[in-house]
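Hello,

Here is the structure I promised to pass on. My notes follow it.

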Amino acid sequence: MARRNPERRAALVDAAIEVLAREGARGLTFRAVDTEAAVPPGTASNYFANRDDLLTQAGARVYERLQPDEETLDAHRTASADRETYTRLMRDLVGRVSSFRTGYLALLELRLEATRRPELRAVLTERVRADVEQNVTYHESTGLPGDATAVRLLMLTLNWLIVEQLTLPEVFSEEERDALIGAAVDRIVFP
């Protein structure tokens, strides 16, 4: 029977994210999560039905933690729709996502693991598809420039730039990263 202490469960899932980022999916064990969370051995197994359950909840938690706060959303809602503002918003987005390094690396590990686990692939596919559509809907509802295809192309472009920054940070300097974001906005949203 799974335990119901939400704070403990969140701490265990956050520990799983850290283990995923550091050790990869193969290193994600209940014992490793217990150690990372500094809880007694066997605790994680009381909260998750199995390893797949833990993997799935870790993926959901990363997305939860990547959501912008209300202040950021308010800034986006009230921002003008010009090229400079749009570019700044995209730079802020890349910075915010990149600042949760372990979360993004854990997502990459989960994506790799999903190639071997159909159930996890189904969950991630649903979650990523919902995230894409939520971004498109938000974009259209705020009247920002660019259509749904531009939003999708920008997401794909910026996601790979984030991967590059987190895995091989010396490939592009911060200045080059910012210039690439500006070029992506110019070429995709304001052609």
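Arginine 22 is partly exposed, at 49% relative accessibility (buried means under 20% relative accessible area, exposed over 50%, partly exposed in between; 1.4 Å probe, protein chains only). Its side chain meets that of glutamate 23 in a salt bridge, 3.2 Å from N to O (a side-chain nitrogen of Lys or Arg within 4 Å of a carboxyl oxygen of Asp or Glu). Glutamate 23 is also partly exposed, at 47%.

This is a predicted model: local features need pLDDT of at least 70, side-chain atom pairs count only at pLDDT 80 or more, and totals for chains, interfaces and linings use all residues. Residues are numbered from 1 along each chain as its sequence is written, and side-chain values use heavy atoms, with hydrogens and water left out. The mean pLDDT (the predictor's confidence in each residue, from 0 to 100) is 91.

The whole structure has 13 salt bridges. Glutamate 113, buried at 2% relative accessibility, forms one with arginine 51 at 3.9 Å and one with arginine 116 at 3.0 Å. Arginine 116 is partly exposed, at 45%. Shared partners join Arg51, Asp52, Glu113, Arg116 and Arg117 into one salt-bridge network.

Regards
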